Amino acid sequence: MSYRVIADLSPAERAAFFERDAGIDAVRSDAADIIDRVSTEGDVALRDLASKHDDVEVGNLDVTDLAERAHQDVDDEILEAIETAAANIREFHERQVPDDWREHFDGRELGRRFRPLSAVGVYAPGGTAAYPSSVLMGVIPAKIAGVDHVAVATPPADPMNPVTLAAAHEAGADAIYAAGGAQAIAALAYGTETVTPVQKIVGPGNKWVTAAKAEVRGDVEIDFLAGPSEILVVCDETADPELVASDLIAQAEHDPNASVVAVTADEATAEAIDAAIDEQVDGRDRADIISDALAHDASGVLLARSMSEAVLFAEEYAAEHLSIQADDDEAILDRIDSAGSVFLGPNTPVAAGDYASGTNHVLPTNGGAKRFGGLSVDAFLRSTTVQRLDSDGLDALSGAITTLAEAEGLEAHAESVRRRFE
């Protein structure tokens with residue numbers, strides 16, 4: 001690799017960084033066809049699509065009973081890691097649970113209460129890598145919110161990945177289905193003979209999963225439409241180039257379409273990061289995927305004219321994962337409003353948040369952090385406002401209510417207030 005200068009980027013090169021595309025438009029029509037088929041044919045379609053797309057002949061779509069056995073049989077070291085991650089994720093998300101409240105405002109008793117959804121689906125990707133961590137990230141906050149039925153859908157395999165199953169059991173999943181891709185989203189949204197329909201679907205996935213979530217949104221709620229993984233590292237001359245390179249490479253191994261970027265105002269640091277990347281890639285198991293991601297138009301090492309320009313780039317980029325490796329990291333953080341999750345300092349790799357620090361790794365991509373945050377307990381709750389007015393409180397508001405109602409041409413609204421004082 002060789003670094004590029006931000007000020008020298010052409011409009012097309014800037015667009016590649018700031019107009020990242022999840023790629024769902026190209027497959028949305030096909031995803032819609034799959035959804036129609038699953039909603040019509042149910043389990044038959046799920047089994048046929050598993051044979052066609054996953055090369056697996058599925059017997060039982062419901063594999064919930066395998067999860068407890070996997071939890072018992074999985075390697076002790078892996079189980080301990082799952083339990084550690086789950087405990088930390090629970091601890092962090094339990095802090096997010098809001099309290100119901102009521103307060104008095106001069107004759108008005110107003111409040112808010114929170115109630116969980118009743119059924120939620122969590123998608124856990126499969127394919128070139130299994131993601132038991134995504135199971136933990138989706139199921140645990142839903143159960144903390146109080147959701148009664150939390151189902152996991154994950155692509156079928158022969159055999160099913162025991163670590164994913166063990167994670168689902170540890171997280172408290174109520175049902176686990178061997179279904180992947182757009183067909184899994186359809187099954188969760190509309191139900192089949194085996195799959196219980198849900199109110200909301202969350203979790204990361206490939207462009208087929210994302211396109212399917214876009215199609216079913218409205219019939220069910222979703223978390224958000226997420227694209228390939230991203231990292232932006234903002235660093236100064238105090239950063240260790242070897243660590244920056246390793247963080248970029250770690251995200252690059254997710255997907256050949258991943259976006260991995262480092263930006264610094266120090267030319268020597270930019271050169272050293274480039275060199276470290278070239279040195280580290282060859283030894284990685286997924287070197288081909290990493291190399292493709294590094295060659296992506298939305299990836300690279302960038303040189304800013306100043307740290308202020310680097311920070312402005314980061315704010316506009318609105319990264320899924322923002323790593324700040326700089327002497328004044330807190331000052332830089334204070335200037336950032338748009339990021340899915342922030343990782344401060346040299347000892348905080350993104351991998352910590354991916355697995356076990358406790359924060360959620362289901363995060364907005366493609367600049368989505370400018371509009372919404374990552375998955376949390378809030379995603380599984382509905383809020384209801386509550387109010388009670390006494391006679392004096394209503395009397396004090398009656399003039400404002402009747403005047404505004406009549407200004408809107410809603411005379412009956414005004415009359416509903418006046419009648420209480422006849």
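The structure is a predicted model, in which local features need pLDDT of at least 70 and side-chain atom pairs count only at pLDDT 80 or more, while totals for chains, interfaces and linings use all residues. Residues are numbered from 1 along each chain as its sequence is written, and side-chain values use heavy atoms, with hydrogens and water left out.

The C-alpha trace spans about 85 × 60 × 40 Å along its principal axes. The secondary structure comprises 17 helices and 14 strands; these are DSSP runs numbered from the N terminus, helices being H or I of at least four residues and strands E of at least two. Of the 422 residues, 49% count as buried, that is, under 20% relative accessible area with a 1.4 Å probe and protein chains only. The protein exposes about 19,700 Å², of which carbon and sulfur atoms supply 45%; these areas come from the Shrake-Rupley method with a 1.4 Å probe. A contact means heavy atoms within 4.5 Å. Among contacts between residues at least 6 apart in sequence, 74% join residues at least 24 apart.

Ile-231 stands opposite Val-260, and Leu-232 stands opposite Val-261.

In a regular strand the side chains alternate between the two faces of the sheet. In β10, Ser-259, Val-261 and Val-263 lie on one side and Val-260, Ala-262 and Thr-264 on the other, and all are buried. Because 6 of the 6 residues of β10 are buried, this strand is largely enclosed by the rest of the structure.

Helix α1 (residues 11–18) has Ala-16, Phe-17 and Phe-18 buried, and the cover of its buried residues includes β1, β10, β11 and α13.

A second open sheet has 5 strands, also with parallel pairing, in the order β6-β5-β4-β7-β8. Its edges are β6 (175–178) and β8 (221–222), each with a single partner strand, so one side of each lacks a neighbour in the sheet. Strands β4 (residues 119–123) and β7 (residues 200–202) pair in the parallel sense over 3 bridges, and Val-122 stands opposite Val-202 in β7. Helix α6 (residues 132–145) packs on this sheet, touching β4 and β5 (149–154), with its direction at about 170° to that of β5. Helix α8 (residues 181–190) also packs on the sheet; it touches β4, β5, β6 and β7, and its direction makes about 175° with that of β4.

Methods. Buried means under 20% relative accessible area, exposed over 50%, partly exposed in between (1.4 Å probe, protein chains only). Two strands pair if DSSP finds at least two bridges between them. Axes are lines fitted to C-alpha atoms, for helices over the stretch in contact, and angles run from 0 to 180 degrees between N-to-C directions.
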